[in-house]
Amino acid sequence: MAPIAGSALSFAKPVKATNTNLLSFAGGRKGNAFLRMQPMPMRFAVCCSAKKETVEKVCDIVKKQLALPEGTEVSGASKFSDLGADSLDTVEIVMGLEEEFHISVEESSAQSIATVEDAAALIDKLVAAESPKSQC
Amino acid sequence: MLASVSSLVQTNKRLDTDANIDPRSFEFKKNKFGKPEILWQSDESSMEWPLHFNISHTSSLIACGIAMDTPIGIDVEEKKRKTVKSILSLARRYFTPSEVDYLAKISDSDAQQKEFIKLWTLKEAYVKALGRGFSGAPFNRFSIQLETNSRIQISKAAKVCNDSASGCDYLSENWRFALAELNSSYYMSVCIEDNSRGFENDSVPLGLKVWKTIPFIEDTLVSGTDAVKLIT
């Protein structure tokens, strides 16, 4: 198939085809935007920012899932939309996070996640809810 | 931003070709769930029915589906897309029990992976047609039945719907699907509302036409050729 004109461009912000109400990673090399990210007001309050080790674990899981090239920087500030995850990548990342942290992520609670830090903060909150003593 | 513009330019061009409307007159908006739509003027006199569209991307393909007077959802994926997690573990987490059973019965792993991708694109096409987002139509609340040589069916997953607090209020079953293989490399699923009003319409074709477009270079009707193999 002939290459699409513009295929050398980075699909940083593809047309947003569906709902903002969920975790989504549209952009980069793929933009299958059934799940999609954009900056949104936080719908839940976190009592503290995410723990460093949680952020690191999320970064590891994301790097592994997306098979990012060696040296690609993924940090708390990394936006999922910029990392190039499509919907399948997204659900695999969510599954990976659930397995790693022994939590269950509902579609609706993932809606305000835009960055790795946001995901880590949600994880810390869910983990704290599972455990009897407050983690904050 | 560039990808958005190019997708919209493609949409504009295709809409223009079909509808004989000046593409500059198209305006776009988002529904309350963020789905891009055409802002249809109620006094639009040159077209009897509103146009609907939906877009899907892979790394090397953009697909834009257009329909008259019916919401549409479209999804494309590479046929050989590999997952990091196993197919059955993904299905168990996100699909319905009947879909898991369907996949589990396939012993050949390549064939199983392909059926998973087919189901994935069909389910995505439905969610996108509904336009309420993933949380408006969670994958485990509806089942797609893929039987050879018969129409793709969708049904609510009764047990999950009865158990969940919000039920499956927004899930409807009156939708039609088309599943096709593009260039032997991609699966494409299209979902539109079924307005047959109860008539038996297995014999009524969806009237799907597919164009291969390279922006500003080529625009060829490819449905009916080997480039588009209808699976159902």
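Predicted model: local features only at pLDDT ≥ 70, side-chain atom pairs only at ≥ 80, totals over all residues.
As general background, nonpolar side chains in soluble globular proteins tend to be buried together.

If you centre the view on B:Tyr126 and leave aside its neighbours within four places in sequence, you will find it in contact with B:Phe142, B:Ile154, B:Leu171, B:Ser172, B:Trp175, B:Phe177 and B:Cys191.

When we take the contacts in chain B between residues at least 6 apart in sequence, 51% of them join residues at least 24 apart.

Staying with H4(B), I turn to its packing against helix H2 of chain B, residues 87-94, where the two axes come within 10 Å and cross at roughly 30°. Angles under 35 degrees count as roughly parallel, and H2(B) is therefore roughly parallel to H4(B). The crossing of H2(B) with H4(B) is left-handed. On the H2(B) side the contact is made by B:Ile87, B:Leu88, B:Leu90 and B:Ala91, which meet B:Gln112, B:Gln113 and B:Phe116 in H4(B). By class, that contact has 5 nonpolar and 2 polar residues, with no charged ones.

Now to chain A, and another pair of helices. Helix H1 of chain A, residues 52-66, and helix H4 of chain A, residues 116-130, have axes that come within 9 Å and cross at roughly 120°, so the two helices are oblique to each other. The crossing of H1(A) and H4(A) is right-handed. From H1(A), the residues A:Thr54, A:Val55, A:Val58 and A:Cys59 meet A:Val116, A:Glu117, A:Ala119, A:Ala120, A:Ile123 and A:Asp124 in H4(A). The residues of this contact divide into 7 nonpolar, 1 polar and 2 charged.

Further along, A:Leu126 is also found in helix H4 of chain A. Not counting residues up to four places away in sequence, A:Leu126 touches A:Ile103, A:Ser104 and A:Val105. The C-alpha atoms of A:Leu126 and A:Ile103 are separated by 6.5 Å, although the two residues lie 23 apart along the chain.

I will finish with two backbone details in chain B. B:Asp69, in the loop between strand S4 (62-68) and strand S5 (72-78), has a phi near 65°, a positive value in a residue other than glycine. B:Asn183, in the loop between strand S8 (175-182) and strand S9 (186-193), likewise has a positive phi, near 50°, and is not glycine either. As for accessibility, B:Asp69 is partly exposed, with a relative accessible area of 38%, and B:Asn183 also counts as partly exposed, at 29%.

Notes
Residues numbered from 1 in each chain as written. Chains lettered and ligands numbered in written order. Heavy atoms only, no water. Contact = heavy atoms within 4.5 Å. Axes fitted to C-alpha atoms, helices over the stretch in contact; angles between N-to-C directions. Helix = DSSP H or I, 4+ residues; strand = E, 2+ residues; numbered from the N terminus. Parallel < 35°, antiparallel > 145°, perpendicular 65-115°, else oblique. Left-handed = near helix turned anticlockwise from the far one by under 90°. Nonpolar A, V, L, I, M, F, W, Y, C, P; charged D, E, K, R; others polar. Buried < 20%, exposed > 50% of the residue type's maximum accessible area, 1.4 Å probe, protein only.
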